[in-house]
Amino acid sequence: MTEVRTAAARVLALLAERGETLAVAESLTGGLVAAELTSVPGASTAFRGSVTAYATALKRDVLGVDRALLAERGAVDPEVARQMAAGARTALGADWGIATTGVAGPEPQDGRPVGTVFVAVSRPCGGEKVAALRLNGSRAEIRRESVRSVLALLSGELRENARAQDTEQNGGN
């Protein structure tokens, strides 16, 4: 099992254990995150679905990314990633949302060089976390590393969220 597949299985197991669900919004990864998640047997327990919003208009119209933000900064932006993750969570009725946006190449986009990637997680009780990546390699390598990175970000947020819930349940001790 590959590292990415292992990460996908781990986050799906954590989500299923908690009775929570996940939605995905993808741009540069073009469905690779959803493919990794659905390759895990039993994924349907936690995975709601995905939106591959490759076109900027879809980010706006389907995921609810702010029109002015897209016009001002373009689709490769940390705030766009944040809004994509929140939009996927809302649109697909999931507890958690994750998103990828960036430039896999071969040419720069929106004034951003190849390898500029933003991945984001949207949490059930509000709030998002975005990670900025500067990746090297071929188009395929950049896309693959983006998948690994968004799953790693989600895994970290799930563990952090679980620790916070444990602290609340134990009276802050």
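Analyst: Arg148 and Glu145 sit three residues apart, about one turn of the helix, and both belong to helix H6 (residues 139–169). Helices here are DSSP runs of H or I with at least four residues, strands are runs of E with at least two, and both are numbered from the N terminus. This is a predicted model: local features need pLDDT of at least 70, side-chain atom pairs count only at pLDDT 80 or more, and totals for chains, interfaces and linings use all residues. Residues are numbered from 1 along each chain as its sequence is written, and side-chain values use heavy atoms, with hydrogens and water left out.

User: What do the side chains of Arg148 and Glu145 form?

Analyst: They meet in a salt bridge, 2.6 Å from N to O. The term needs a side-chain nitrogen of Lys or Arg within 4 Å of a carboxyl oxygen of Asp or Glu.

User: How many salt bridges does the structure hold?

Analyst: Eleven. One of them joins the side chains of Glu36 and Arg5, at 3.0 Å from N to O. Glu36 lies in helix H2 (residues 32–38) and Arg5 in helix H1 (residues 3–18), so this pair ties together parts that are 31 residues apart in sequence.

User: Which residues are linked in a network with Arg5?

Analyst: Glu36 and Arg144 are linked with Arg5 in a network of salt bridges. Glu36 is buried at 7% relative accessibility, whereas Arg5 is partly exposed at 29%.

User: Switching to H1. Which of its residues are buried?

Analyst: Val4, Ala7, Ala8, Val11, Leu12 and Leu15 are buried in H1. They cover an arc of only 125° around the axis, which puts them on the same side of H1. The arc is taken from the directions from the helix axis to the C-beta atoms.

User: And what does the face turned away from the buried side carry?

Analyst: That face of H1 carries the exposed residues Glu3 and Glu17.

User: What span should H1 have?

Analyst: At 1.5 Å a residue, its 16 residues should span 22 Å, and the end C-alpha atoms are 23 Å apart, which agrees. The expected span is 1.5 Å times one less than the number of residues.

User: What comes just after H1?

Analyst: Gly19, with a positive phi of about 70°.

Methods
Buried < 20%, exposed > 50% of the residue type's maximum accessible area, 1.4 Å probe, protein only.
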